Amino acid sequence: MADHTWGNCKGCRFFNSHNAQPDDSEVAQCTQPELVEFQLQVTGMSGCKEFEARTGVSSGVYQEPEATTMH
Ligand code: SF4
């Protein structure tokens, strides 16, 4: 529970937008598993505590696992 932080829909991965970078006025459906049944139409500047940051759009923070050399 503690790891839930409030965030804006425009930066949330459940914001069903086709835009890579939705803005405040964009309206899209919230697809959060517990909220999707309500078919909420939310705007970019809305938000809630189920926020989870979008991953696909962050600037390539994929990290190679460190090579371990064991003898
Ligand atoms: S209402 Fe919450 S879960 Fe849904 S898109 Fe907005 S921040 Fe994400």
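View 1. Gly7, Cys9, Cys12, Phe14, Phe15, Cys30, Gln32, Gly47, Cys48 and Glu50 surround the ligand, each with a heavy atom within 4 Å of it. Sorted by class, that shell holds six nonpolar, three polar and one charged residues. The classes work like this: Ala, Val, Leu, Ile, Met, Phe, Trp, Tyr, Cys and Pro are nonpolar, Asp, Glu, Lys and Arg are charged, and the others, Gly among them, are polar. Keep in mind that this is a predicted model, where local features need pLDDT of at least 70, side-chain atom pairs count only at pLDDT 80 or more, and totals for chains, interfaces and linings use all residues. Residues are numbered from 1 along each chain as its sequence is written, and side-chain values use heavy atoms, with hydrogens and water left out.

**View 2. The whole chain, for orientation.** Along the sequence the protein chain reads β-β-β-β, with zero helices and four strands in total. Helices (H or I, at least four residues) and strands (E, at least two) are DSSP runs numbered from the N terminus. Of the 71 residues in the chain, 21% are buried; buried means under 20% relative accessible area, exposed over 50%, and partly exposed in between (1.4 Å probe, protein chains only).

**View 3. Gly47, a member of the ligand shell.** Gly47 sits in strand 4 (residues 47-48). Its relative accessibility is 27%, so Gly47 counts as partly exposed. Setting aside neighbours within four places in sequence, Gly47 is in contact with Trp6, Gly7, Asn8 and Cys9, where contact means heavy atoms within 4.5 Å. Take Gly7: Gly47 and Gly7 are 40 residues apart in sequence, yet their C-alpha atoms are 5.3 Å apart.

**View 4. Gln32, another residue around the ligand.** Look for Gln32 in the loop between strand 2 and strand 3. Gln32 counts as buried because its relative accessible area is 7%. A polar atom of the Gln32 side chain lies 2.7 Å from the backbone nitrogen of Glu34. Beyond its neighbours within four places in sequence, Gln32 is in contact with Phe14 and Glu50, and both of these also belong to the ligand shell.

**View 5. Gln39 and its positive phi.** Gln39 is in the loop between strand 2 (27-29) and strand 3 (41-43). With 58% relative accessibility, Gln39 counts as exposed. Its phi is near 50°, a positive value in a residue other than glycine. Most residues other than glycine have a negative phi.

Notes:
A polar contact is a pair of N or O atoms within 3.5 Å; within protein, one must be able to donate a hydrogen and the other to accept it, and residues adjacent in sequence count only if both atoms are side-chain atoms.
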